[in-house]
Amino acid sequence: LTARNLIPLFSWIIQKGKCSFCYQKISIRYPLIEFISASVFLLIYLLVGKIIDTKLVLMLLITTLLIITVITDLENYLIPDAIQIGLFILVTFYHLFVGDGYELWRYFLSGFVFLIFGLALYYGFFLVTKKHGIGIGDVKFFGIAGFMLGLEQFPIFMFLSGILGIFFGVIWKRITKEVFFPFAPSLVVSLMMCLLFGNKINYLNMFLFSNY
């Protein structure tokens, strides 16, 4: 491959959606992923201060793994452990080098609380329905999300995950006609909303169309 073939999005457009060598059609999933990734990266850059620093670099690396998480779950109903370990390492670096004074052990505690909640959902749903409502990978991701966010954002993360999970699940089942649906997209979007906006938006009032 030459440099001409490696330009995100533009290579696909220049090559008219085909390989330059064998002329086989290149799936639109690739430029779509590149476009979404670039859009999210730009949004993060604008929201974290428009400065290229350690915080931005770590945020973009974390976001890259989150995008991979969504893709693998959409395609394989799976969140690989390697991705979750990578997220844990990057988030640890984030807290250490960009931390806001919130002790690291408090984030570990938060991750543990999120993880316990995920386990309660996993086993509670199975006990009631005799079916698994979420995957064990989703449970692990709850722990990662807690480690990233802290306990303060526990209620809003769970609220957003539930609302987006219902919304995405209905759409997924209508399109694919499958019984199960990947939960990672809802978890990742909820996590990103909490990371980028934190307490700046009252999501509860937004969803309830409150006048306040």
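Biologist: Which residues in H2 meet which residues in H3?
Modeller: Arg29, Ile33, Ser37, Val40, Phe41, Ile44 and Tyr45 in H2 meet Leu56, Met59, Leu60, Thr63, Thr64, Ile67, Ile71 and Glu75 in H3. Contact means heavy atoms within 4.5 Å. Helices are DSSP runs (H or I, at least four residues), numbered from the N terminus. This is a predicted model, where local features need pLDDT of at least 70, side-chain atom pairs count only at pLDDT 80 or more, and totals for chains, interfaces and linings use all residues. Residues are numbered from 1 along each chain as its sequence is written, and side-chain values use heavy atoms, leaving out hydrogens and water.

Biologist: At what angle do H2 and H3 pack?
Modeller: About 145 degrees, with their axes 10 Å apart. Axes are lines fitted to C-alpha atoms, for helices over the stretch in contact, and angles run from 0 to 180 degrees between N-to-C directions.

Biologist: New topic. Where is Ile52?
Modeller: Ile52 sits in the loop between H2 and H3.

Biologist: Buried or exposed?
Modeller: Ile52 is exposed, because its relative accessible area is 72%. Buried means under 20%, exposed over 50%, and partly exposed in between (1.4 Å probe, protein chains only).

Biologist: What about phi of Tyr77?
Modeller: Phi of Tyr77 is near 55 degrees, a positive value in a residue other than glycine. Most residues other than glycine have a negative phi. Tyr77 lies in the loop between H3 and helix H4 (81-98). Tyr77 is partly exposed, at 36% relative accessible area.

Biologist: And Lys177, what is its phi?
Modeller: Positive, about 65 degrees, although Lys177 is not a glycine. Lys177 is in the loop between helix H7 (154-176) and helix H8 (184-197). Lys177 is exposed, with a relative accessible area of 69%.

How values were computed. Helix = DSSP H or I, 4+ residues; strand = E, 2+ residues; numbered from the N terminus.
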